[in-house]
Amino acid sequence: MKLEHIGIAVKNLEQSNTLFETLFNSKHYKVEEVESEGVKTSFFQVGESKIELLEATNPDSPIAKFIDKKGEGIHHLAFEVEDIDYEIDRLTKEGFQLIHQTPKDGADNKRIAFLHPKSTNSVLVELCQDKG
Ligand code: ZN
């Protein structure tokens with residue numbers, strides 16, 4: 001596994017894009033809406049990893065709920081795997097609680113699945129695999 005990206009929940013994507021562009025001294029390379037998740041995302045390449053900013057597109061979005069509860073900030077860590085189906089199976093057998101038992105389409109041309117933070121020391125973990 002390698003750290004693919006860190007997801008950060010923000011209230012205002014446009015403002016945060018400007019902020020992180022100044023911080024990294026580079027522009028975000030894409031903006032993408034994932035309707036099924038109720039989020040609009042933008043991506044920054046930072047060295048070998050990426051930063052994903054996430055803004056809620058409706059009040060029922062998991063990002064809206066997260067910000068209501070905890071405020072803006074680090075939302076999840078995403079690890080790239082070679083075979084997401086295998087990893088879901090392996091981690092389920094190891095006793096981890098998966099939010100998605102079957103991978104779903106995520107942003108940035110990936111299949112993704114989240115682990116429940118209950119089973120990972122309260123860190124929301126995303127597994128992702130490039131669709132190629
Ligand atoms: Zn992510």
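I'll walk you through the zinc site and a few salt bridges in this predicted model.

Numbering starts from 1 along each chain as its sequence is written, and side-chain values use heavy atoms, with hydrogens and water left out. As the model is a prediction, local features need pLDDT of at least 70 and side-chain atom pairs count only at pLDDT 80 or more, while totals for chains, interfaces and linings use all residues.

Okay, the zinc. Which protein residues are its donors? They're His5 and His76, each through NE2, plus Glu52 and Glu126 through OE, lying 2.1 to 2.2 Å from the ion. By donor I mean an N, O or S atom within 2.8 Å of the metal, or 3.2 Å for Na, K and Ca; water is not among the atoms, so sites may look incomplete.

Along the chain, the donors follow the spacing H-x46-E-x23-H-x49-E. Strands here are DSSP runs of at least two residues, helices (H or I) of at least four, numbered from the N terminus. Both side of that pair are buried: Glu52 has a relative accessible area of 6%, and His76 comes in at 2%. The cut-offs are under 20% for buried, over 50% for exposed, and partly exposed in between, using a 1.4 Å probe and protein chains only.

What about the geometry? The angles among the 4 donor atoms run from 83 to 171°, and the site is irregular.

On to salt bridges, meaning a side-chain nitrogen of Lys or Arg within 4 Å of a carboxyl oxygen of Asp or Glu. The count comes to 13.

Take Lys93 and Asp89, at 3.0 Å, N to O. They're 4 residues apart in helix H3 (residues 84–93), so about one helical turn separates them. Lys93 is exposed at 66%, and Asp89 is partly exposed at 40%.

Then there's Lys131 with Asp105, at 3.3 Å, N to O. Lys131 lies in the segment after strand E8 (125–130) and Asp105 in strand E6 (residues 104–106), so this pair ties together parts 26 residues apart in sequence. Finally, bridges with shared partners join Glu4, Lys30, Glu32, Lys50, Asp108, Lys110 and Asp130 into one network.

Note on methods. Tetrahedral: all angles 85-135°; square planar, octahedral: opposite > 155°, others 65-115°.
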